[in-house]
Amino acid sequence: MAATGAAVALTATVVAVTAPRPRIAPEAAAAPREVVRFPAPSAAVPEGYAGLVEEAQTLADWIVARHPSRPQSTALAATLAAERGDQETAATVWRAHLERHPETAEGWYRLGLYAVKEGRDAEAAEWLERARRLDPSLPDIQGHLGRCLLKSDRVDEAAEVLEPAIGDDRGGAVRLFHLGHARLRQEKITEARAAFQGAIDRAPTYTGAWYGLATALARLGLADDAERARAEFRRLKSEDAEAAARNLSRDEGARMRRLLAGWYAAAGRIAALDGNPQDAQALLSRGAMVDKSASSSSAPPPTAAGAGH
Amino acid sequence: MVPSSPLCLALCPMTLVLVLGCGQPRPPAAPPPTPPSADRASSPPAIVPVASDPPPPSAAAPIRFVDATEASRIGFVHTDGSSGRRYLVEPLSAGVATFDYDGDGRIDLYFPNGALLPGTEPGDSESPRRHALCRNLGAGVFGDVSLAAGIDCRDYGLGVVAGDVDEDGFADLFLTTFGAKRLFRNLGDGTFVDATESANVADGEKVGAGATFLDADGDGDLDLYAANYVRFTLDNHRPRSFKGFPVYAGPRDYPPWPDTFFRNSGDGRFVDASVDAGIAAVAGPGMGVVCLDHDDDGDTDIYVGNDALEGNFLFENDGRGNFRETALAAGVAVNRFGAEIGSMGTEAGDADGDGRIDLFVTDFQPDLPVLFRNLGRGQFEDATAATAAGSGAWQFVTWGTAMADFDNDGRRDLFLACGHLNDNVEAFDDTTAYRNHNLVLRNVGGRFVDVSAAAGLHDIPRHAARGVACDDLDDDGDLDLVILNSREAPTLLRNLDRERGGTNHWCQVRLRGRQGNRDGVGAKVVLHAGDETFVDEVHAGRGYQGHFGTRLHFGLGGHPAIDRIEIRWIGGGTETFTDVPIDRLAELTEGSGRAVAAPGSSPKP
């Protein structure tokens, strides 16, 4: 419980970091007209989950306050914020870190991914390009960058980034998929077909690639082949729907606990690297405790697959 | 409503690898613990903001709206029941309709409303929980005439469409609800009568959605297509949560209903022809519906937005009212990545000015709405990225939509109604909010630019908007908007184009069918002015489960005259009108070959 105790004392110093800046202006809730309002449901957090959220926040606060110099601390604090859905804070944490350490490739990488998540593709491409220059080995950096360029209507640049980066790894199918779309936009339909086919060769159940292949084949006037590709797309779609239905019964509470346990373990490693064995031990112990509860606790109700549902 | 998943990247094992392995270790005696400051981070020298995706608007605030709600005296307040149990139907709210119910030349309003649900606290007992028919009294004022007009509807309303089903010259009303569907027949004397039973359109107890009238078989009367959502009942309600927060269930939680197709028998009755016509061969969680002649073969096809599952449907008409679902082959089932769209509203119009009717579909946050460009020969492509048709929309759930020329420059702009379905979304997602401002995207040379702020939409109270209807409500030559807001009063936006001295010309046309259906529903109108051609079709039912725009509006830009208008009537031939005036409403009657300027409006008593 060392983490919790420490965080209480340090809350004031980290509040500027952890208080999320609302992206939507506060006046959103204000309506000057007098209207009859029907009672709205409350937005209460069920008890079990509230504890997890608060604990994750406390951990983030403690990590940043106790080990501010370590990039790992920044990464962990930002990740915790992002997982809560608070990308604004996550981005703020990284921006502050990059002010001091602009050479941190992961910072630009994460900022880029947050921007991707928020649909700011032009900005995302800028950050990801910086990250790529610093560390081209970041996970699927070319794929992310190529996709952003494609979505920003920078089609030729997207193709230039993607084509030499296809590789043989698992992400190659995704890069080929985006390359296929770039080729479609360039009206290079034969090359688009080859890219989608390549994606399918690597990942035969890649639903979107089958759709792209069908589109390319139809553009080439190969109606029968296009229809066969569409049929496969339909079949895979129905399997996707079944998988989505299975996700509905996922145990969200247990997943969150396992995640939190992992973060405690990461925090423990940071503390150990900083030469604080007592903190490390406390963090690892708490992580083990949380992990145990993940596998044994009675889970809260199953959740929908997403925020909407 | 495609689910907004949690930040998946944070869940990847890769994340922890990065956390522990990527950074360069630094000595413990690091600089003093100066926590990063939000203020400092707001303008770091190392991070220079890059240009946002869309270019800035080329002209200063060419589109401008003002909130005219209060002056309109509209007293309607929507309720979704707010049961506290989060029944699936609550966030669906409803569409809205604009149509001239009494034939006086002014566009009136119809607002469906929700109803009490188990768990609803009564709240203000004086509040009407019924639908509202609001008569346009002129001068921007509307009066609730529901009871006087014989519409005391307290069903849980979801969708609305207007159409003259009995060809008597007055628009009837069809409503979809959480329950039985309803048809109110317009008697022509300012009153309606409930003709649900005699017309045979109740269609059991379903969660209804968008609906559209069309003359599917070209026999001169209006048939009816009604989308249905999912097989939800109060008894099979499923509480759902996300990240520990209660949220509404969605389309994945229940199997979908097939949609319903009613063929008009011509004797006041409709026959459920869903199976015979090929509609019931597929089923999806339908929401918005719009008709168009997607392949330009002279008959009316049906486009249905399905909510996240099955892909959208395009029912291709064989000209005799038999349909085949062809969305996937046509390229309008899914977006360009092969992903289903959380479709809400659907709209049809010529977005790129190439003379073909394109399709636009609103979507669930964070996915963008989708513009499908019509390539001809019944083929479409997802042109969202190429046209920036999703500008500014990523953080919003988008619902109602209108593709309309708000500045009369001859190019169709986009309006999107925004609002989340979960009233607690801010608790688990800081990128969005329950109440949002709406979006207007100006069409600048074929690319869409988010001009919402300049258009005044950021100055207007935010709501959880749903249905949108777009018509010239004050008969001044520009298109206004009415928006149904979930749980609150609606918003009426008056377009200030004329008041601000807009000099672009315009033209409105009202069709009168003789051989074909009376309002010319489904007719294709091609307007030639100088070297430009403008195309539209008459729709009855569009957007998010609503109805608007039966009176066609064309912005003409600087063209001082109309050379001719060609009309291809459904079930009839093609006819040319050469004497159509600009800057006013003209009535074009089938077979007459000449336009008649519609009489000017005069204040109502």
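**Figure 1. Confidence along chain A of this predicted model, from helix α1 to helix α10.** Of the elements in chain A, helix α1 (residues 2–18) has the lowest mean pLDDT, 29, while α10(A) has the highest, 96. Here pLDDT is the predictor's confidence in each residue, on a scale from 0 to 100, and helices (H or I, at least four residues) and strands (E, at least two) are DSSP runs numbered from the N terminus. Residues 1–48 of chain A have a pLDDT below 50, and this stretch has 98 contacts in the model beyond near neighbours in sequence. Residues 297–309 of chain A are also below 50, with 60 contacts beyond near neighbours in sequence. A contact is a pair of residues whose C-beta atoms, placed from the backbone, lie within 7 Å. The average pLDDT of chain A is 74, and 72% of its residues score at least 70. Because this is a predicted model, local features need pLDDT of at least 70 and side-chain atom pairs count only at pLDDT 80 or more, whereas totals for chains, interfaces and linings use all residues. To find your way around, note that residues are numbered from 1 along each chain as its sequence is written, with chains lettered from A and ligands numbered from 1 in the order in which they are written.

**Figure 2. Chain A, a chain of 14 helices and 0 strands.** Buried residues make up 53% of its 309 residues; a residue is buried if 20 or more other C-beta atoms lie within 10 Å of its own, exposed if 12 or fewer, and partly exposed in between, with C-beta atoms placed from the backbone. Among contacts in chain A with a separation of 6 or more, 55% join residues 24 or more positions apart.

**Figure 3. Helix α7 of chain A and what covers it.** All the way along, from A:Ile141 to A:Lys151, the residues of α7(A) are buried. With 11 of its 11 residues buried, helix α7 (residues 141–151) is largely enclosed by the rest of the structure. The cover includes α5 (105–117), α6 (121–134), α8 (155–162) and α9 (172–185) of chain A, together with α7 (384–387) of chain B. Just after α7(A), look for A:Asp153, which takes a positive phi of about 70°.

**Figure 4. The packing of α7(A) against α8(A).** Their axes come within 7 Å and cross at roughly 165°; axes are lines fitted to C-alpha atoms, for helices over the stretch in contact, and angles run from 0 to 180 degrees between N-to-C directions. The two helices are therefore roughly antiparallel, a label for angles over 145 degrees, with those under 35 roughly parallel, 65 to 115 roughly perpendicular and the rest oblique. The crossing is left-handed, meaning that the near helix is turned anticlockwise from the far one by less than a right angle (clockwise would be right-handed). Among the residues that meet here are A:Leu145 and A:Leu149 of α7(A), and A:Val155 and A:Val161 of α8(A).

**Figure 5. A:Arg132 in helix α6 of chain A.** A:Arg132 counts as buried, with 21 C-beta neighbours inside 10 Å. Leaving out residues up to four places away in sequence, A:Arg132 touches A:Ile141 and A:Leu145. From A:Arg132 to A:Leu145 is 13 residues in sequence and 8.5 Å in space, C-alpha to C-alpha.

**Figure 6. Helices α10 and α11 of chain A.** Helix α10 (residues 189–202) packs on helix α11 (residues 207–219) at an angle of about 155°, with the axes 9 Å apart. This pair is therefore roughly antiparallel, and α10(A) passes α11(A) in a left-handed crossing. Residues of α10(A) that take part include A:Phe196 and A:Ile200, and those of α11(A) include A:Trp210 and A:Leu213.

**Figure 7. B:Arg551, in a loop of chain B.** The loop runs between β33 (532–537) and β34 (552–557). B:Arg551 is buried, with 21 other C-beta atoms within 10 Å. Not counting residues up to four places away in sequence, B:Arg551 touches B:Asp471, B:Gln508, B:Arg510 and B:Leu585.

Note on methods. Contact = placed C-beta atoms within 7 Å.
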